[in-house]
Amino acid sequence: MINQYAKEHEDIEIVMFFEDDGFTGTNFHRSGFEQMMDAVRNGEIDCIIVKDVSRFGREHIQVGDYIDKVFPFLGVRFISIMDYYDSINPDCDRERMILSIKSLVHEMYPRDISRKVHSTFRAKENVEKSEEATEFHMVFIWKQAIPAIG
C-alpha cells in the first residue's frame, strides 16, 4: 500500500522502511519507531507514511504531539493513507480532526480488549475454583445398606 502510494506521488521517494511487528502501539518504546526518529533527527528522512494512524501509535496525546508539534518543528511531512491525511495539504483540517478522533478510539480499543481479557480470565478462575470446590465436596460418599433380595 505504501509503495503504491509513493508510485502515485512523484514527490515521494521511499528511502527506508521501519517496522514494529510484534510490538504494541500503545507506547513509543519500540525499536522501529526509535530507529525512525533517529533517522528523522539525522535528516535522513523528511516524510513519514503510515497505512493508518493506528500503525503510527495508539497513545492519543503522544500521537497528537508528534503530528502537531514534533514533526512540523523538524520539518517532517506526515501522511496517513487510509485516513486521507497529508500534513502538507492545507485543506486537511477536517481529516486532522477525524484523525484525532480515530487516535482517541485507537487508544481506548487496546484498553477495552485488555479489560475484557482480564475479565474472562477472572471468570474462568472463578469457575475453576467453583469446580474444585464441587469436586472436593463430591469426595464424601455415603454408603447405603442394600437390602438382600430373595
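**Helix packing, sheet and aromatic pairs in a predicted model**

Helix α2 (residues 31–41) packs against α4 at an angle of about 40°, and their axes are 11 Å apart. Axes are lines fitted to C-alpha atoms, for helices over the stretch in contact, and angles run from 0 to 180 degrees between N-to-C directions. Helices (H or I, at least four residues) and strands (E, at least two) are DSSP runs, numbered from the N terminus. The model is predicted, so local features need pLDDT of at least 70 and side-chain atom pairs count only at pLDDT 80 or more, while totals for chains, interfaces and linings use all residues. Residues are numbered from 1 along each chain as its sequence is written, and side-chain values use heavy atoms, with hydrogens and water left out.

**Contact of α2 with α4**

- On the α2 side, F33, M37 and V40 meet Y66, V70, F71 and L74 of α4; contact means heavy atoms within 4.5 Å.
- This contact has seven nonpolar, no polar and no charged residues.
- In this classing, Ala, Val, Leu, Ile, Met, Phe, Trp, Tyr, Cys and Pro count as nonpolar, Asp, Glu, Lys and Arg as charged, and the others, Gly among them, as polar.

**Aromatic pairs**

- The whole structure holds eight aromatic pairs. Rings of Phe, Tyr and Trp (its six-membered ring) pair if their centres lie within 6.5 Å; planes under 30 degrees apart count as stacked, over 60 as edge-to-face and the rest as tilted.
- F56 and Y66 are an edge-to-face pair, because their ring centres are 5.8 Å apart and their planes stand at 80°.
- F56 belongs to helix α3 (residues 53–56) and Y66 to helix α4 (residues 60–74), so this pair ties together parts that are ten residues apart in sequence.
- F71 and F78 form a stacked pair, with 5.9 Å from centre to centre and 20° between the planes.
- Both F56 and Y66 are buried, and F71 and F78 are buried too. Buried means under 20% relative accessible area, exposed over 50%, partly exposed in between (1.4 Å probe, protein chains only).
- One aromatic cluster is made up of F33, F56, Y66, F71, F78 and Y85.

**Sheet and loop**

- Three strands form an open sheet in the order β1-β2-β3, with mixed pairing. Two strands pair if DSSP finds at least two bridges between them.
- β1 (47–50) and β3 (85–86) are at the edges with a single partner strand each, so one side of each has no neighbour in the sheet.
- Four bridges join β1 to strand β2 (residues 77–80) in the parallel sense, and I49 stands opposite I79 in β2.
- Y84 sits in the loop between β2 and β3. Y84 is not a glycine, yet has a positive phi of about 55°.
- Y84 is exposed, at a relative accessible area of 66%.
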